[in-house]
Amino acid sequence: MKLTRRQFLKFGGATALLVSGRLPTPALAAPRPAKVRWTKETATICPYCAVGCGIIVGVANSKVVNTEGDPDHPINRGALCSKGSSVSQLANSRQRITKPMYRAPGSNKWKEVSWDWALDEIAKRVKETRDATWVEKDVKGRLARRTEGLASVGSAALDNEECSLLVKALRGLGVVYLEHQARICHSSTVAALAESFGRGAMTNHWIDIKNSDAILIMGSNAAEQHPISFHWVTKAIEHGATLISVDPRFTRTSSKAHIYAPMRAGADIALLGGMVKYILDNNLYHREYVVEHTNAPLLIDPKFKFSDGLFSGYNPSKRKYDKSTWAYQTDSNGVPLRDTSLQDPHCVFQLLRKHYSRYDVDTVSQITGTSKETLIKVYKDYAATGAPDKVGTIMYAMGWTQHTYGTQIIRASAIVQLLLGNIGRAGGGVNALRGESNVQGSTDHCLLFHILPGYLKTPRTSDETLDRYLKHYTPASSDPKSANWWQHYPEYAVSLLKWMYGKNATPENEFGYQLMPKIDDETNYSWLALFEAMYAGRIKGFFAWGQNPAVSGANANMARKAMENLDWMVAVNLWDTETSSFWQRPGVNPADVKTEVFLLPAAVSVEKEGSITNSGRWAQWRWKAVKPLGDSKPDSWIMNQLMIRVRKLYQADPGPDPEPVVKLAWNYGPGEVDTRQVAREVNGWAVGDVKDNKGNVIVPAGKQVKNFTQLRADGSTACANWLYSGSYNEDGNMMARRDNTDYHPASIGLYSKWSWAWPVNRRIIYNRASCNIKGEPFDPKRFVIRWNGKRWEGDVPDGGWPPGAKHSFIMKPEGYARIFGAGRADGPFPEHYEPWESPVKNILHPDQSTDPAFKIWKSEMDRKGDPKKYPIVGTTFRLTEHWQSGAMTRNLPWLVEMQPDMFVEMSPELAAEKGIKNGGKVIVESARGSIEAVALVTRRLQPFRLDGHLVHQVAMPWHWGYKGLTTGGSANVLTPPVGDANTMIPETKAFLCDVRKA
Amino acid sequence: MSVGMLIDLTKCIGCRGCQIACKQWNELPAEKTHNRGSYENPPKLSDKTWTYITFHEIADGSRVTWVFAKDGCRHCLEPSCASACIVGALHKRPDGAVVYNAHKCIGCRYCEMACPFGIPAFQWEKPVPYIQKCTFCEDRLDQGEEPACAKTCPTGAIEFGERNDLLQTAHARMKERPDKYVNHIYGEKEVGGTSVMYLSSVPFNKLGFPTYGPEPLPRYAHIAMNAVPPTIGVVTVLMGGVYWIIKRRDKMMSQETDGVTEPTEKEG
Ligand code: SF4
Ligand code: SF4
Ligand code: SF4
């Protein structure tokens, strides 16, 4: 028998083969023969961006000696960008910390310590802080059972299983200041997409880009941030697709675009609003789609109004809307009224037309600075995908999310895509490009204050009983055609409680509901709030798991200063970062900083086993290649050891309220955590016999549930995350599957037996909307699903009912995608507002220039810039060669070699005005601080003429800080401390600054 | 049969996966660099950097384009480096790769001077320095595997294959999209043809590619070399022959800047 390469690979391939049942076809690339340099190969997934490229790790003598693209991986097919290509240097880096370290109060150095000592000491501090800051009841005497003295951030760098453990540990301890990267990168995505379509994630997936006829990349620089996406963008272009790049800077993405539209940073809603108007004025919308799949025909309360930049119901003193007029008109059964002719003046369609009637090309051009010709070109080429057999995709990222109105920019794109009939389709979608290898997974596991795994809601103190909690969050619909999938909320919530508290969760004690920490109704505990609380000295103990907020958080000087007010900090990382070393940052005397700091060395991705979820929702398994370097340990081990110790302390000395901690189901063994066991918990299992509604046992006790349809609200099932139910069932570890055949009959590239995608392995969500109500695909050549008279073919349908039986957007109670989105804080239709700091007034409504509903902080470090002093628009970006706060990449010589210094891009016009030379040193200053950088004078930036004013713009990467092989100014020192009205994601993509020669 | 690479600059996104994949596979260290007001780094090829991406901002009125071009050994069909090497350290393999045997190298740097593309680089920091350059990943070719840079390229900008097939592909692409490509496959004919060839949407001289005719340079170099016995003692004498090549190269470069695209044949 000929030995195939797959048989050569020794990464638990046996499991993979059993699951897939067949050998993967080696059709993707030439098979790579065994090299003499190494003796073992394992498969892993790139630890950087969320494209999720496969990497083969070659190991010799227990050391990583080679890493290169996995030729069998259907997304990257052997390719890797510069970051992915450098993973071998990451694994072997001498810059990594390999021993636990301790910095005593006031000390100016690190001291090596033992794991036992560090863990014991941290456990003691956790208990002391928890007990000292314990809030058993709120002011109204309702159970709260939380601590506001402990906070934790991170991490999208953890595996799913580790995220799951961390949620359990932190919620178990009563932590409510619980945040991570997702807040500051894509929280507005979740708010916008869940509101529009029902789920908060990228609608399609990377390979699907190849199916597009038009690709609009806006608020994203995909060629630089997600380089392998361009494998698929290039494929689409080769098939005739048009690529449009809208960006304040001409980027590596723009270099490949057919149309490049320069736009002033922050003017996105104006540009997209103009597109909505263009589509409506020219009748380019996909009428059948709009009528059948969206809420365009639904009638809205006649009292709903919009004038002078405000929707009806605004309360200026609270900066909040009373949304009672933003409601559907309903019949006597409570079913929303529809006018399928789209003529009723109160139907969403007509309200939309009216709202965007102000967004004519002249006005838009005055706001965005884009020329009218270019705007029309963009509109025309993109709106052409409104034809039923044409499809367009939108790729976006932080350029959209990080604004005070970030949610509304994404909402605007959702409206465009719904009008053009591009959601649920192959080659369509609103594709949120996520930037961290597992930020989708960490979001799904909800390391965020306001949600629990699977996007369940964190209980509020007003949700006094489990009953009330479930009623509060389980939506109802009286429309028999609405699937209203969230009606299953109780099944998911009770299963989650069973996972949290195990045997201690019984029907008698509300399944342990009262052991959960509850947050205050009116208090926000998100990222900015967390650092405000830390600055105010209310937070005493702080965990940073694989995250570096001293560089990545907006208004970084404040975050750094806030850390000085902590009693103790635990940083778990590969490196000594700007965060763990905040006490020895430039300009600070360590003797003045009393914070104790523990720095714990974590294992890198190739040193442990677990799953991560890419941007396209594929949960992919990574195998362990080598042992952790030195004394570093997987995060799961660290969490487990800490919890074992904390629980022991509570058994010895109970303190004020030990119950939530000791009743937690924490049984992960005394040593290494078996992450497969955790993955099985995430999938969910039968605690008792699971019965159908006739009383027949469908899952016997002890077995894994097949998927979430087998979860129950009666306590017979436990599940750590209903969304991942189906990922590790009795068929095995579905995330480890490596069958790279495209089984879809139209070869649209679903690769449905490669890894596993949530929900229930559906690769393109909302796919019922790819067909008309007879189940016929709008685009038969590139169909996603189709009804063959008996059943659906193709992708896993978004609900298996026959065509027409249910409305297509099953996660929305009304069953339709929302063009009118009443659930958002700042309006049901996106409206153009200026950034908090803007050089110009809002020409649509100068008296309501900015978004009316975001929170404005008031500490002395929350300074706002005056346009007279800071006339230049600043924006931040990332590079291919570095990643996030730079902690990982600024420690790798190969990447540092390519981008060695912090720089700022500016136009030749601005440089001439300021006497700045290309390559010279400059100072960039905002109201919050100033940094030094190298000037990169380039024609890729240009000044804009906005309503008669000449406005300059500068752009900076935000990867630099004061640690690592290359150091430099952190762009986030300049960025403002305000956030989105819905999610408080900071507005780092448009602010005011000035620049001068250093 | 001879292998080659077709580098289609219209597909390159400048991700520099190739630049790092080369260092990764060949275990080359990083260089100390600084930002000179450009993304391009390191500033040039060296013993530690065998391939790198050059960045070209090309302004055309108010329109700007940004072109990324991979630089590195072209694996000439008739390599002047090999002809210039007096100890036979460099040679062309039957499959087309121009490789060297470090043990034979005496560090005379003739190849560096002879190469029309300025590729071979000297290990200035080593006590016993050798010449270094791209080997076409010969150790990968031996395993039936494509070079690391070609494998890692996300967009297919670097295509590895039979040189003849690649030429056909290139011609087909130009024929299909005359609006997109300049009518020139760089390396099809230059200096007698090279294994690494390029397609572009902007004229190659705007990207700093030297302009050469189809005449292979080494023919002359070879004659010059063979005129005297290849021993170290006669290095100075040899310089005369090598000097001729360098002079010719410089002359051609200056012609290019004058806008002359085809150097006259038989000159000198
Ligand atoms: S950083 Fe992203 S695009 Fe680059 S190799 Fe890794 S996963 Fe792929
Ligand atoms: S490009 Fe230069 S080094 Fe490479 S084969 Fe040709 S002459 Fe030799
Ligand atoms: S890997 Fe390909 S796309 Fe990336 S820089 Fe190199 S040639 Fe260009």
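Modeller: Five elements of chain B, namely strand 1 (3-8), helix 1 (17-26), strand 3 (63-72), helix 5 (148-152) and strand 9 (196-199), each give at least two residues to the lining of the second largest cavity. Helices and strands here are DSSP runs numbered from the N terminus, a helix (H or I) having at least four residues and a strand (E) at least two. This is a predicted model, in which local features need pLDDT of at least 70 and side-chain atom pairs count only at pLDDT 80 or more, while totals for chains, interfaces and linings use all residues. Residues are numbered from 1 along each chain as its sequence is written, chains are lettered from A and ligands numbered from 1 in the order in which they are written, and side-chain values use heavy atoms, with hydrogens and water left out.

Strand 3 of chain B supplies the largest share of this cavity's lining, three residues. The lining comprises 20 residues, and those nearest the centre are Met5(B), Thr51(B), Lys70(B), Cys134(B) and Cys149(B). A cavity is a set of points on a 1 Å grid over the protein atoms alone where a 1.4 Å probe fits but cannot get out, and lining residues have an atom within 4 Å of a point. Grid points are joined across faces, edges and corners, and the volume is the space filled by probe spheres set on them. By class, the lining has 13 nonpolar, five polar and two charged residues. Ala, Val, Leu, Ile, Met, Phe, Trp, Tyr, Cys and Pro count as nonpolar, Asp, Glu, Lys and Arg as charged, and the others, Gly among them, as polar. In total, the structure holds 14 cavities of 30 Å³ or more.

A pocket is an open set of points with protein on both sides within 12 Å along at least five of seven lines. Both chains contribute: among the elements that supply at least two residues each are helix 9 (229-238) and helix 14 (372-383) of chain A, along with strand 2 (51-60) and helix 6 (163-176) of chain B. The pocket lining divides into 19 nonpolar, 16 polar and 15 charged residues.

Helix 27 (908-914) of chain A is another contributor to the pocket. Strand 35 of chain A, residues 903-906, has both faces covered, with Phe903(A) and Glu905(A) buried on one side and Val904(A) and Met906(A) buried on the other. Buried means under 20% relative accessible area, exposed over 50%, and partly exposed in between (1.4 Å probe, protein chains only). Strand 35 of chain A pairs in the parallel sense with strand 37 (residues 929-937) of chain A over four bridges, and Val904(A) stands opposite Ala935(A) there. Two strands pair if DSSP finds at least two bridges between them. Strand 35 of chain A is joined by two bridges to strand 40 (residues 953-957) of chain A, and these run antiparallel. In this pairing, Glu905(A) stands opposite Ala955(A).

Helix 5 of chain B, which also lines the cavity, extends over residues 148-152. The side chain of Thr152(B) makes a polar contact with the side chain of Ser85(A) at 3.3 Å. A polar contact is a pair of N or O atoms within 3.5 Å; within protein, one must be able to donate a hydrogen and the other to accept it, and residues adjacent in sequence count only if both atoms are side-chain atoms. Ser85(A) belongs to helix 3 (residues 82-85) of chain A and is buried, with a relative accessible area of 2%.

The ligands complete the view. Ligand 1 is surrounded by residues of chain A, including Cys46(A), Cys49(A), Lys83(A) and Gly84(A); a residue counts as near if one of its heavy atoms lies within 4 Å. This shell has nine nonpolar, two polar and one charged residues. Around ligand 2 there are 14 residues, the closest being Cys73(B), Arg74(B), Cys76(B), Cys81(B) and Cys115(B); ten are nonpolar, two polar and two charged. The residues around ligand 3 include Cys12(B), Cys15(B), Cys18(B) and Cys153(B), and by class its shell has eight nonpolar, three polar and one charged.
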